[in-house]
Amino acid sequence: MKFEDQTITAAKVQKLEGRGYNDDILPEQSDKRTMDVKNFFTLWMGSVHNVPNYNAVAGFLFPAAGGIVLGLSPLNVMFAIALAGVIVTAFMVLNGVAGSKYGIPFAIHLRSTYGNLGAKLPGFLRGCVAAIGWFAVQTYLGSKALCIILVKLFPAFADIAPGVDILGISVPGLIAFMVFWAANVAIGFGGGGVLNRFTAILSPLIYVLVIGMTVWAVGAAGGIGSIMSYQVAQEGAVNPVFAYFVVFSSVLAVWAAPGASVSDFTREAKSTEIQAKGQSLGLIVGYVVFAICSVIIMAGGSIHDGVQYLDILELIGNWSSAPAVIFAMLCFLLSTISTNATGNIIPAAYQLSALLPDRIDYRKGILIASIVSVVILPWKLMDGGIATFLNTIGAVLGPVAGCMMANFYIVRKQELDLNLLYMNPAADNSGNPYFGLKKSAYAATILALALCLLGNFVPALAAISNVSWFVGFFSAAILYVLLQKLGKKD
């Protein structure tokens with residue numbers, strides 16, 4: 001695919017700045033973009049190996065975790081996850097073209113589809129509901145790893161205020177959560193520059209850990225043959241083809257939020273070709289390694305201990321070697337921080353800034369998002385399990401991504417007008433194609449969301465809930481294009 005990027009000069013940006021836009025929302029100048037192939041290669045690789053992803057694999061292997069018996073062998077789970085990684089790569093690269101071509105953030109990318117007023121609701125869903133919700137959940141899961149480290153180093157830590165429960169969490173758990181929360185917020189304040197250095201250090205560490213755990217799991221299970229032949233009972237198993245789509249949808253739901261707002265990162269790419277190469281290499285390599293290692297680790301550890309582990313942290317916590325436990329937990333802590341920064345706290349800050357550009361800048365957005373992430377009590381959010389959380393995120397953001405990509409590639413033919421996108425509030429914008437609220441995009445999004453949620457209320461359509469991202473994405477894209485063709489383009 002040939003990419004043609006626009007040259008965004010200082011003069012163009014200065015002209016738009018005069019219309020009242022802050023620096024965080026303005027297009028990134030072409031000569032100030034710093035991210036190359038290496039940066040994009042390492043950007044997401046660590047994020048693949050996070051606690052929710054490993055726990056999702058448990059749901060594919062063990063029905064108690066996922067609520068549905070997929071009936072897939074370990075080999076098929078590996079293959080399905082690897083294929084899902086290819087789909088995720090295509091989604092991230094293609095939805096990132098608008099950012100790298102024009103230097104625009106997610107908030108402005110949304111405006112090209114939903115209009116300057118219409119962009120506020122889907123922006124709020126991604127930047128506030130999904131991003132802050134994910135940030136809170138990831139921080140809580142990471143804090144569980146920190147708590148295990150602290151107990152291994154200081155056994156008395158577990159006995160702080162025994163029996164005391166504060167809003168549903170123990171005192172040691174709350175201390176670990178707040179310490180880990182502060183570390184995540186600090187990385188968020190550091191922005192993209194700190195994040196690039198952080199991920200460059202993290203990636204080698206996480207892969208040393210994962211490969212080491214894989215070797216351990218093979219030995220613990222009595223050989224690779226024991227793992228490959230391991231399979232739960234097949235009673236009630238779904239159609240294998242549908243099972244693959246369940247895996248695809250679950251993996252895509254993990255990336256529903258960062259995939260929708262990937263322009264916040266690709267706008268920093270030196271070129272579209274660079275972000276395409278970097279993201280493709282990083283995500284495909286990352287997911288092939290993850291597909292093989294995660295299944296071997298979860299299945300091998302379960303065989304060794306005679307327990308179907310639903311949580312990677314519980315599996316690691318049962319190791320006999322304290323140094324090994326501490327190193328493994330530390331790597332997962334760092335991976336969680338990387339995931340939280342790239343996919344959650346940074347996009348939340350940008351979106352809050354876009355919602356109220358006169359009052360909220362990037363740093364204030366970080367502060368607001370981080371405070372809300374504590375107030376919503378993330379340990380309560382996880383009561384329904386990781387599968388329920390993922391399906392909800394997929395149902396909410398799948399339709400948004402579907403409309404965005406249909407608009408950019410089919411309706412707009414990859415052509416956007418920055419002068420009109422960054423409209424002058426003092427001028428008459430009645431003829432501006434990005435002004436107001438775009439009814440066709442809203443109608444497609446709402447109808448697709450309603451279709452995704454039907455599975456929660458109509459038993460005969462319950463299967464929709466397990467592939468919510470796919471249903472939402474494609475139904476919204478098709479409806480949006482049809483509405484544009486049948487009615488007056490808006």
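The structure is a predicted model, in which local features need pLDDT of at least 70 and side-chain atom pairs count only at pLDDT 80 or more, while totals for chains, interfaces and linings use all residues. Residues are numbered from 1 along each chain as its sequence is written, and side-chain values use heavy atoms, with hydrogens and water left out. Helices (H or I, at least four residues) and strands (E, at least two) are DSSP runs numbered from the N terminus.

**Cavities**

- A search of the whole structure finds three cavities of 30 Å³ or more, where a cavity is a set of points on a 1 Å grid over the protein atoms alone at which a 1.4 Å probe fits but cannot get out, and where lining residues have an atom within 4 Å of a point.
- The largest cavity has a volume of about 110 Å³, a volume being the space filled by probe spheres set on the points, with grid points joined across faces, edges and corners.
- The lining of the largest cavity is made up of Trp44, Ser47, Asn50, Trp134, Gln138, Val254, Trp255, Pro258, Thr339, Thr342, Gly343 and Asn344.
- The elements that give two or more residues to this lining are α9 (120-153) and α17 (322-355), and α17 gives the most, with four residues.
- By class, the lining of the largest cavity has five nonpolar, seven polar and no charged residues; here Ala, Val, Leu, Ile, Met, Phe, Trp, Tyr, Cys and Pro count as nonpolar, Asp, Glu, Lys and Arg as charged, and the others, Gly among them, as polar.
- The second largest cavity holds about 50 Å³ of space, and the residues that line it are Asn53, Ala56, Val57, Phe60, Ser250, Val251, Val254, Tyr287 and Phe290.
- At least two residues of the lining of the second largest cavity come from each of α4 (51-61), α12 (240-254) and α15 (272-305), with α4 giving the most, four residues.
- The lining of the second largest cavity divides into seven nonpolar, two polar and no charged residues.
- Val254 is found both in the lining of the largest cavity and in that of the second largest cavity.

**Nonpolar core**

- The largest nonpolar core has 113 residues, of which Ile81, Trp255, Met298, Ile312 and Ile316 touch the most other members; such a core is a set of buried Ala, Val, Leu, Ile, Met, Phe, Trp, Tyr and Cys residues joined through side-chain atoms within 4.5 Å.
- The largest share of this core, 15 residues, comes from α17.
- Apart from its neighbours within four places in sequence, Ile316 is in contact (heavy atoms within 4.5 Å) with Met213, Val325, Ala328, Met329 and Phe332.

- The structure has 23 aromatic pairs, counted where rings of Phe, Tyr and Trp (its six-membered ring) have centres within 6.5 Å, with planes under 30 degrees apart taken as stacked, over 60 as edge-to-face and the rest as tilted.
- Phe408 and Tyr409 form an edge-to-face pair, at 5.0 Å centre to centre and with 90° between the planes.
- Phe408 is buried at 2% relative accessible area, whereas Tyr409 is partly exposed at 22%; buried means under 20% relative accessible area, exposed over 50%, and partly exposed in between, with a 1.4 Å probe and protein chains only.
- Trp469 and Phe473 form a stacked pair, with 4.7 Å centre to centre and 15° between the planes.
- Trp469 and Phe473 stand four residues apart in helix α23, so about one helical turn separates them.
- Trp469 is buried at 3% relative accessibility, and Phe473 is buried at 10%.
- One aromatic cluster is formed by Phe79, Phe91, Tyr244, Phe245, Phe248, Trp469, Phe470, Phe473 and Phe474.
- Ser468 also lies in helix α23 (residues 468-486), and Ser468 is buried, with 1% relative accessibility.
- Leaving out residues up to four places away in sequence, Ser468 touches Ser249, Asn391, Gly394, Ala395 and Cys452.

**Positive phi angles**

- Most residues other than glycine have a negative phi.
- Ala161, although not a glycine, has a positive phi of about 45°; Ala161 is placed in the loop between α9 and β1 (165-166) and is partly exposed at 31% relative accessibility.
- Leu167, also not a glycine, has a positive phi of about 55°; Leu167 sits in the loop between β1 and β2 (169-170) and is exposed at 56% relative accessibility.

Methods:
On a 1 Å grid over the protein atoms alone, a cavity is a set of points where a 1.4 Å probe fits but cannot get out, and a pocket is an open set with protein on both sides within 12 Å along at least five of seven lines; lining residues have an atom within 4 Å of a point.
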